[in-house]
Amino acid sequence: MNEQNPNRVFRLAVMAVIAAAYAALTIVLAPISYGPVQFRVSEALTALPFLMPGAVWGIFAGCVLANLYTGSVLDIVFGSLATLLAGLLTAWFGKKGNTVKNRLLGCLMPVLFNAVIVGAVLTWGYGFQEFPDKPLASYGFNALTVGLGEAAVLYLVGYTLLRQLPRIKAIREFIDRFNRK
């Protein structure tokens with residue numbers, strides 16, 4: 001029988017916990033997590049790939065699970081894709097170094113990807129046409145409201161996590177263990 005690498009099992013377990021946390025936070029806070037004006041608290045977790053690049057897969061899985069709750073194929077596919085792309089770029093900025101600039105740019109990735117992609121899903125997938133005769137204005141409105149909600153979560157909570165978590169010795173050791181291959 002093939003013996004599993006203990007760290008690989010640890011990493012998979014952490015990714016599963018991240019996925020469950022993301023999905024649970026989103027669904028429990030559904031009234032503010034979905035729709036054209038959303039404040040998805042779980043999106044603060046999208047900052048984690050900055051410190052733990054492998055966490056992107058847990059966040060992606062959690063987003064898929066949370067978006068299953070909507071029942072919309074567009075949301076499941078494209079909303080989750082936005083989170084995956086944002087997570088990959090957030091991880092990339094984290095690998096460049098834990099500086100203020102990189103933290104700010106890492107947090108910006110979920111804001112941009114969700115504003116652009118989820119704004120489009122809301123406008124054309126769900127028909128949130130705030131300006132029925134002006135589809136681009138409706139898209140701009142939806143992108144703006146999603147982007148503002150993302151920015152609030154990422155810069156108030158996500159950025160704070162990126163600054164504070166590495167300062168806690170036990171968390172720093174946990175992150176180091178997770179990042180070990």
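I take a pocket to be an open set of grid points with protein on both sides within 12 Å along at least five of seven lines. The model I am looking at is predicted.

**Entry 1: the largest pocket**

I looked up the volume and found about 230 Å³ of space in the largest pocket. Which helices each supply at least two residues of its lining? I noted H1 (6-28) and H8 (169-179). H1 gives the largest share, four residues. I then sorted the lining by class and got 12 nonpolar residues, with no polar and no charged ones.

**Entry 2: the second largest pocket**

For the second largest pocket I have a volume of about 180 Å³. Here the helices that each supply at least two lining residues are H4 (55-68) and H5 (73-95). Which of the helices gives the largest share of this lining? I found that H5 does, with four residues. Among the lining residues I wrote down Arg11, Pro53, Gly54, Val56 and Trp57. By class I have six nonpolar, two polar and three charged residues.

**Entry 3**

I put the class counts next to each other. The lining of the largest pocket has no charged residues, whereas that of the second largest pocket has three.

Methods:
Residues numbered from 1 in each chain as written. Predicted model: local features only at pLDDT ≥ 70, side-chain atom pairs only at ≥ 80, totals over all residues. Heavy atoms only, no water. 1 Å grid on protein atoms, 1.4 Å probe; cavity = no way out; pocket = protein on both sides within 12 Å on 5 of 7 lines; lining within 4 Å. Points joined across faces, edges and corners; volume = space filled by probe spheres on them. Nonpolar A, V, L, I, M, F, W, Y, C, P; charged D, E, K, R; others polar.
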